[in-house]
Amino acid sequence: MRITVNAPHVVGEIIDGEAVVVNLRDGAYYSMTGVGATIWAFVEQGATADQIVESLSGQYPEEAGVVRGAVDSFLSRLAGEDLIREEPGTAPELGEASANGEPFADPVFEKFEDLKDLLLIDPIHEVDETGWPLRVGDPLPPP
Amino acid sequence: MHESPANSRRPDPGWWPTPSQELLLRASLFQGRDGLDAWERWAATVDLETLDSGSFRMLPLLYDNLRKQGVRGPLVDRLKGVYRYAWAENQALFHSSEDTLRTLHEAGVETLLLKGAAVMAICGNDSLRLVYDLDVLIRVEQVDGALELLAEQGFRPLHDIPRSRFRLLRSLDLKSASGRGLDLHWHVLDECLGPGGDDDFWDASVPTTLSGLPVRTLNATDHLLHTVVHGARWDETPSFRWIADVHALLAAAPIDWDRLVAQARKRAVALTVSDALGRVCDRFGTPVPESALASLRRAASSASRLERMELAWKRRQQSPPGPVGFHVFRYWRMSREWSPAARIGGAIDYCQDWDDLRPGWRVPGRVVRKVFEEYA
């Protein structure tokens, strides 16, 4: 089975190695970096779970033993958030998606519950170098 | 939703970008040494905290250009946040507009997307700039029905405008209870308010999608005409992003230059288009074929005296163009094809409809007062 973005109510974009995803149905906003962003890039291409595992195992040969579990767990969490769905179909030819040499870490996402509230944050005056959607001094939401 | 950052400075009024805004445009549009030089000079002199609102709307495009060139730094990280914001804001707007458009379509109201959202659809990038509202063109004969449907969805006009004035306007700004903006257009250009003024635009429209919803929009050539004629005029908040839109359109789709020249000539805006595109080419190296510029210059050379006066009036760099000029030029354009007798009668109707002024004998007094207020 292929895994795809749960469009049209889920939209995402890879911005300089970070995947930002919005569930327009419930207004949740997600940010994924590192391996999480790489997996999202594969999901956008409609990859199968096996393809994702194979690619990541190639990128992190020393972590091959834990990649399968990490990918399955992350995909399960994404499905639990209604962000992805399975579709029948053959495995596609995949484009490039890599974590840019970052060390392997369990893929996680940060979830912000309400996009409406986030859009009230001034992206110039209420933020620091971390940038919107975090206000100055705001902690990251728990992964 | 921020119309602009709360503390941002009001931009200098005018129609052409200031030197700082020109640098921002160069940094946003150019790759390589030219773009990076502009970026470094702009970043060294500008304070994001006091950035004008016109420049703020360019920041997503600036970030997009910088990231493609691998530029890094704390300021770029902050710009990335603005880009994320623009992307999320636009997604929310497009998604929430789906139901509105679907409702109009199901009721038989034809629509064409205009301006920001449409240009981004043509360019295939949802984040190039912040779009605060959706611009939708409908047929002029469907205005009342569309307004009723939109009222049922909670949209209200931003300004109390008499219905009699609608025929003298191109659009009406609406806002939903949740603050979502929708500009309902029944004409594309202020310069073409007459019957059939938009037929060519409708006939040559093309399909696209908004957030997955099939919609129609102007073709790239007509978008270019609209962008230049609408953008290159005096505004309290100069929308110099029209220059970025010109570059985006030229990069995204082939332009039918013969059509552009023909449409500009037909609508008596060849002078405006020739002047604006010529300046953009000079200052920003915009890739407009020399043959197209030459054709536009030829078309512009036959512009009437009133068209030249109108362009000078629209292009004042500092003081706002006054209402007398606004009405004189608007009426001249509406009545270009009329006989002298029809023009005199039409002028009374125009004044009555603009101010919903009844009976007609009140018109001369009102006109004298307006002229006195502007020039005294």
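Guide: One term before we start: helices here are DSSP runs of H or I with at least four residues, strands are runs of E with at least two, and both are numbered from the N terminus. What you see is a predicted model, where local features need pLDDT of at least 70 and side-chain atom pairs pLDDT 80 or more, while totals for chains, interfaces and linings use all residues; side-chain values use heavy atoms, without hydrogens and water. Residues are numbered from 1 along each chain as its sequence is written, with chains lettered from A and ligands numbered from 1 in the order they are written.

Visitor: OK, where does P133(A) sit?

Guide: P133(A) is in the segment after helix 4 (115–118) of chain A.

Visitor: What's up with the phi of D82(A)?

Guide: D82(A) isn't a glycine, yet its phi is positive, about 70°. That residue lies in the loop between helix 3 (64–80) and strand 5 (84–87) of chain A.

Visitor: Where is the kink in it centred?

Guide: On E98(B), where helix 5 of chain B has a kink of about 30° (the angle between axes fitted to the seven residues ending there and the seven starting there). After the helix comes G108(B), with a positive phi near 85°.

Visitor: At what angle does helix 5 of chain B pack with helix 7?

Guide: Helix 5 and helix 7 (residues 143–152) of chain B pack at about 140°, with axes 10 Å apart (axes are lines fitted to C-alpha atoms over the stretch in contact, and angles run from 0 to 180 degrees between N-to-C directions). The two are therefore oblique to each other (under 35 degrees is roughly parallel, over 145 roughly antiparallel, 65 to 115 roughly perpendicular, the rest oblique).

Visitor: Which residues make the contact?

Guide: T100(B), T103(B) and L104(B) of helix 5 of chain B meet A146(B), L149(B) and L150(B) of helix 7 of chain B, where contact means heavy atoms within 4.5 Å.
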